[in-house]
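Here is a set of questions and answers for a reader who is new to this structure. The sequence and the model come first.

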Amino acid sequence: MNSNATFETSTSARLSPLANLVRLYLRSRIRGSTRLTYLLAHNFSALQRIPLDIPGWAPVYVDLRMGNAHQMLIESPYRELWRELDEVDVMRRFVRAGDVVFDIGANIGLHSIVLSRLVGPSGRLHAFEPNSELVPALTYTIGQLSNAYLHTIALSNKDAESSLFVPPDDTVASLADWTVASPVFNQDGPSHVVNCSERRIDDLIDSNALPQPDFIKCDVEGSELQVFQGGRRTLNRVDGPVILFEANECASRAFDVGISTAKDFLFGLEEPRYRFFEIEPGGKLKGLLEINSSFLNILAVPRAKLSSWPELAEL
C-alpha cells in the first residue's frame, strides 16, 4: 500500500439485507436517516457488527450505534486508512515478519488489520483498546486475525480503574477531556465518560501476560508519556522497540505536559539511545531534533537498530 493508491470497496456481498437497506438509506441523506439508524442499531444486533471490506486486507467490523461507523458504511473504511497512509507506509517498512507488535489505541482495528498482515503467521499482534463501546465489534475484527490478541485496557503509568472521555468522534477518545479545548473537535459536542482499566506495560510483561515488543504504534491522544513511563524497563534496552507515536499539543496540554515531553522521556533513556524522525507526507522521514509543530507523527528508532534500515543513515 502506498500513499498514491486508491481503492473502492464492495461491501454489498458481505452485508446483510438489513445492513444494505440502512446503507442505502444513509446515502440518501434523507432528514432523520441518522436518527433512525441509531434506533435500528440499538434494536438489531446484526447492525452492531457489520463487516466492511478493505480490498487486499481483512474486513473491519463496525457498530452502527457509533456515529463514525455511519460514514464508513456510506463510503469506505479505506477512507479512514487513507487519512493515515503516511503512517501505514512507515509500518510497512519498519514492521517485519515474525515481529511482536503492540497497537496501543486500536480504536476499530484498522491499523491492527495492517499490522497483523505485516507480522505474518510467525508474528504476534497485541491490540489495546479501553473504549468498551468499541469492544463488541472490535472483538470480531481481532478475532478473525489468527495472530492477534485483544486487550480491553488502557496502557498507562499506573494500575487503576479510571475514566475514558469519549467525544462524538470516538477516534480521539482519551484519559483526559482534551477535545473541549480543541478548536476542531469541540464543535462536535461534549464528551461522555466510560469506565476503563489502566495498566503498566512493565507489569504485564513481568507477569508474562505480554511478550517483549519489537514495534509499538502508540496513538493515545496525549497520554503517550504515561504509556512510556509505565513501560520504562521495556523500552530502556539496547534492543528496545521501534516506536511510532503521535505528538499533539492540544491533547498534551490536557495532561499538563508539553508536546515534546514524551519524546524527551524517550531521549532520556540511556540504553536504546533513541533517534527521532518526523513522518512527512508520502511517508518520507526527516531527522527530528526539536518539535516545532502543534501536531506530528514521530518514529523513534534505537541506535543499535539503525543499521537495519540504510535509508536512516542519510537522515
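## Strand β9 and its sheet

Q: Which residues of strand β9 point one way, and which the other way?
A: Strand β9 covers residues 215-218, and all four residue positions named here are buried. In a regular strand the side chains alternate between the two faces of the sheet. In this predicted model, Phe 215 and Lys 217 point one way, and the other way point Ile 216 and Cys 218.

Q: Which residue of β9 is the bridge partner of Val 101?
A: Strand β3, residues 100-104, pairs with β9 in the parallel sense, over four bridges. The partner of Val 101 in β9 is Phe 215.

Q: Which residue of β10 is the bridge partner of Cys 218?
A: β9 also pairs with strand β10, residues 242-248, in the parallel sense and over four bridges. In β10, the partner of Cys 218 is Phe 245.

Q: In what order do the strands of the open sheet lie?
A: The sheet has eight strands and its pairing is mixed. Its edge strands, which pair on one side only, are β5 (148-151) and β12 (285-287). Neighbouring strands are turned by 25° against each other on average, direction ignored. The order is β5-β4-β3-β9-β10-β13-β11-β12.

Q: How many disulfides does a search of the whole structure find, and how far from Cys 196 is the nearest cysteine sulfur?
A: A disulfide needs two cysteine sulfur atoms within 2.5 Å. The search finds zero disulfides. For Cys 196, the nearest cysteine sulfur is that of Cys 218, at a distance of 14 Å.

Q: Is Cys 218 buried or exposed?
A: A residue counts as buried under 20% relative accessible area. Cys 196 has 5% relative accessibility and so counts as buried. Cys 218 has 2% relative accessibility, so Cys 218 is buried.

Key
Residues numbered from 1 in each chain as written. Predicted model: local features only at pLDDT ≥ 70, side-chain atom pairs only at ≥ 80, totals over all residues. Heavy atoms only, no water. Pairing = 2+ DSSP bridges. Helix = DSSP H or I, 4+ residues; strand = E, 2+ residues; numbered from the N terminus. Axes fitted to C-alpha atoms, helices over the stretch in contact; angles between N-to-C directions. Buried < 20%, exposed > 50% of the residue type's maximum accessible area, 1.4 Å probe, protein only.
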